[in-house]
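Colleague: I am new to this and would like to go through the labels on this model. Please set each value against its definition.

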Amino acid sequence: MPEFLSALGTSFDVIGRMAILVVLGFVLVRKRILGEHTLGDITRFLIDVVIPSAFILAMTRSFSFELLEQGGVLALLSAGWILLSWGFGTVLYRVFPGTAPGRDRAVTAMMMISNSLYLPLPVILAVAPAELRDTAVVYISVISLPSILFMWTAGVKLLSGPVQLTAAQRLRKVFNPPIVSFFLGIILSTVPGVRESARGEAGGLPVLYTFLSAMDHLGRMLSPMAMIVLGGMIASAGGRGRVPMRYLLPLAAVRLLLVPGAALLLLYSGAVDLMPLAATVLILVAAAPPATNHALIAKRYHGEWQLVASLQLITHLIALITLPVWLSIALSLK
């Protein structure tokens, strides 16, 4: 119990700091201090520059096949809960169909895919010891792979209205800068002198060290920028109208309770053997609310974006309570 209470205090402190930045982004957009076009530019800068910088640097510093073994388990578990949630949502809304099939499909997509990057990455960087932060980035990047793959394939199909992406367009979305930078970092980690330059050790190249140090400065922007963007995206998405309980209750139960509960049960039962940091990443990603990209995709492709935006806002607010509890349990695991 003392370990849990200590972890709970740490979790509320970390999530509280993240929440303040989310609220800041929300207010900046609602007060029109940041316009939607500016927010879009910041989001592209985050996705195309900041996150790739953090990924490449983390991989060049810390990647190893031993880490990939743990990361592979995380990725398999992530793919598993995506498929199970997909099946649950499909069966639920076929047994109890609504008047708008597009809404049923959209909520099923939200059950499947959590906010596996924007929220968990800055939180794990805040709670991980300094010497393990690069390792934490490796774990987060690997566990995010299934979410990104499903988001831009099955997720787009479920969220879209009459206009949908072609297979070629979805493929281009899958090979986005964070994914490319993940594999690029792995390749660079095998090049002689790159890892030493990234770590500032003997054997590195001065010019390369300077370049990677600049990337390090960019990567440090990730935590505050990701939270501000998250708040801005929720604000710009809207959150209009009443939300039917037939959508909110199953979504909140699956995304915020059942999936993290199942992940925790696997850890406690010994069915899954993970190092403490990997176990914390697993619980954190499993307990994250639905991905913010759901509303953006639904709006872009003429889906039920108003319902999706409303559900996003409410589930993120609920997650401010549930996520610290799950994180504190993860931190107290031996």
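Modeller: Start with burial. Buried means under 20% relative accessible area, exposed means over 50%, and partly exposed lies in between (1.4 Å probe, protein chains only). By that rule, Arg61 and Asp216 are both buried. Note that this is a predicted model: local features need pLDDT of at least 70, side-chain atom pairs count only at pLDDT 80 or more, and totals for chains, interfaces and linings use all residues. Residues are numbered from 1 along each chain as its sequence is written, and side-chain values use heavy atoms, with hydrogens and water left out.

Colleague: Why is Trp326 called buried?

Modeller: Its relative accessibility is 13%. The limit for buried is under 20%, so Trp326 counts as buried. Trp326 sits in helix α15 (residues 305–331). Helices here are DSSP runs (H or I, at least four residues), numbered from the N terminus.

Colleague: What makes Arg32 count as exposed?

Modeller: Arg32 has 74% relative accessibility. Exposed needs over 50%, so Arg32 counts as exposed. Arg32 is in the loop between α1 (2–30) and α2. Its phi is near 65 degrees, a positive value in a residue other than glycine.

Colleague: What makes α5 mostly covered?

Modeller: Seven of the eight residues of α5 are buried. Among them are Pro120, Leu125 and Val127.

Colleague: Why is the contact between Arg61 and Asp216 called a salt bridge?

Modeller: A salt bridge is a side-chain nitrogen of Lys or Arg within 4 Å of a carboxyl oxygen of Asp or Glu. For Arg61 and Asp216 the N to O distance is 3.7 Å. That is within 4 Å, so the pair qualifies. Arg61 is in helix α2 and Asp216 in helix α10, 155 residues apart, so the pair links distant parts of the chain. Arg61 and Asp216 also belong to a network of salt bridges with Asp134 and Arg220. By this rule the count comes to seven salt bridges.

Colleague: What makes Asp41 and Arg44 a salt bridge?

Modeller: Their N to O distance is 2.2 Å, and the rule asks for within 4 Å. Both lie in helix α2, three residues apart, about one turn of the helix. An α-helix has 3.6 residues a turn, so residues three or four places apart point the same way. Asp41 has a relative accessible area of 44%, and Arg44 has 48%. Partly exposed lies between the buried and exposed limits, so Asp41 is partly exposed, and so is Arg44.

Colleague: How do you know that the pair of Asp104 and Arg246 ties together parts that are 142 residues apart in sequence?

Modeller: Look at where they lie. Asp104 is in helix α4 (residues 101–112) and Arg246 in helix α12 (residues 245–269). Their closest N and O atoms are 3.1 Å apart, and they form a salt bridge. Asp104 is buried, at 7%, while Arg246 is partly exposed, at 30%.

Colleague: What makes a space a pocket, and what makes it a cavity?

Modeller: The test is a 1 Å grid over the protein atoms alone. A cavity is a set of points where a 1.4 Å probe fits but cannot get out. A pocket is an open set with protein on both sides within 12 Å along at least five of seven lines. Lining residues have an atom within 4 Å of a point. The largest pocket has a volume of about 1,200 Å³. Of its 39 lining residues, the closest to its centre are Thr43, Ile47, Trp152, Asn293 and Leu296. Helix α2 gives the largest share of that lining, nine residues.

Colleague: What about the second largest pocket?

Modeller: Its volume is about 420 Å³. Of the 17 residues that line it, the closest to its centre are Arg61, Leu125, Arg133, Asp134 and Asp216. The largest share of its lining also belongs to α2, with five residues.

Colleague: And how many cavities of 30 Å³ or more are there?

Modeller: There is one. Its lining includes Phe55, Ser141 and Ile179. Helix α6 supplies the largest share, four residues.

Definitions and conventions: Grid points are joined across faces, edges and corners, and a volume is the space filled by probe spheres set on the points. Helices (H or I, at least four residues) and strands (E, at least two) are DSSP runs, numbered from the N terminus.
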